Amino acid sequence: MNHNTPTFGGETPSPLLLRARAALLRAVEGPGDPAAAADLDAILEHGRIRATLSAEGPGERAEFADPAWGPAWTAARDYLDLLRTAPDRIRACAHDACILHFFDTSRNGTRRWCSMAGCGNRAKASRHYARTRES
């Protein structure tokens, strides 16, 4: 088993979704990198938004020539929405051993960890252990 490829409920993600994940990682770690943008654009080429009008009012619907691209395209599209909203709130987790990125939704924009229950708790426990060991 490749430990770099997570499983979800015992299933390995599709190669298309893994490709999108790699493209998103390059884009997040290298903002402004033309190669990273080209990788993301290649994912986005596989879908489009169709404007709709229904009894509920105007709307949008994603369309794909191949439905297998749906999850990968949606992830890439959602990243663009985050960039439009607040690009400075896309951050890497502050825990040294964590590889995750997150969108900071805290009121004052000072969130440090991808998860307070995971990485944040580990960091606080480490500091507590270090303080009590020194005393």
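Visitor: How many residues are in helix α1, and how far does α1 reach?
Guide: Helix α1 covers residues 15–29, which is 15 residues, and from its first C-alpha to its last it reaches 21 Å, close to the 21 Å expected at 1.5 Å a residue. Please keep in mind that this is a predicted model.

Visitor: Which residues of α1 are buried?
Guide: Ala20, Ala23, Leu24 and Ala27 are the buried ones in α1. They cover an arc of only 100 degrees around the axis, and therefore they sit on the same side of α1.

Visitor: And what is exposed on the other side of α1?
Guide: On that other side, Pro15 and Glu29 are exposed.

Visitor: What do the buried residues of α1 pack against?
Guide: They pack against two other helices, namely α2, residues 34–44, and α3, residues 70–85.

Visitor: Then let's do α2: which residues are buried there?
Guide: In α2 the buried residues are Ala36, Leu40, Ile43 and Leu44. Their arc around the axis is only 100 degrees, which puts them on the same side of α2. The cover over the buried residues of α2 includes α1, β1 and α3.

Visitor: Stepping back, in what order do the elements run?
Guide: The protein has 4 helices and 4 strands, and from the N terminus on they run α-α-β-β-α-β-β-α.

Visitor: What radius of gyration does the protein have, against that of a compact globule?
Guide: The protein has a radius of gyration of 19 Å, whereas a compact globule of 135 residues would have one near 14 Å. Along the principal axes, the C-alpha trace spans about 65 × 40 × 35 Å.

Visitor: What share of the residues is buried?
Guide: Buried residues make up 24% of the 135 residues in the protein. The accessible surface comes to about 9,500 Å², and 55% of that surface belongs to carbon and sulfur atoms.

Visitor: Switching to electrostatics, how many salt bridges turn up in the whole structure?
Guide: A search of the whole structure finds 7 salt bridges. One of the pairs is glutamate 63 with arginine 50, whose closest N and O atoms are 2.6 Å apart. Glutamate 63 lies in strand β2, residues 57–64, and arginine 50 in strand β1, residues 47–54, so this pair ties together parts that are 13 residues apart in sequence.

Visitor: Which other residue forms a salt bridge with glutamate 63, at 3.0 Å?
Guide: That is arginine 61, where 3.0 Å is the separation of the closest N and O atoms. Arg48, Arg50, Arg61 and Glu63 are linked in a network of salt bridges. As for accessibility, arginine 50 is partly exposed with a relative accessible area of 34%, and arginine 61 is partly exposed as well, with 42%.

Visitor: Now aspartate 104, where does it lie, and is it buried or exposed?
Guide: Aspartate 104 lies in the loop between β4, residues 101–103, and α4, and at 0% relative accessibility it counts as buried.

Visitor: Which residues does aspartate 104 touch, then?
Guide: Not counting residues up to four places away in sequence, aspartate 104 touches Arg89, Arg91, Gly109, Thr110 and Arg111. The C-alpha atoms of aspartate 104 and alanine 42, which are 62 residues apart along the chain, are separated by 27 Å.

Visitor: Last one: where is alanine 130?
Guide: Alanine 130 lies in helix α4, residues 116–134, and it is partly exposed, with a relative accessible area of 34%. The C-alpha atoms of alanine 130 and arginine 48 are separated by 52 Å, the two residues being 82 residues apart along the chain.

Technical notes:
Residues numbered from 1 in each chain as written. Predicted model: local features only at pLDDT ≥ 70, side-chain atom pairs only at ≥ 80, totals over all residues. Heavy atoms only, no water. Expected span 1.5 Å × (residues − 1). Buried < 20%, exposed > 50% of the residue type's maximum accessible area, 1.4 Å probe, protein only. Arc of directions from axis to C-beta. Contact = heavy atoms within 4.5 Å. Rg over C-alpha atoms; globule rule 2.2 N^0.38 Å. Areas by Shrake-Rupley, 256 points an atom, 1.4 Å probe, with all protein chains shown as cover. Salt bridge = Lys/Arg side-chain N within 4 Å of Asp/Glu carboxyl O.
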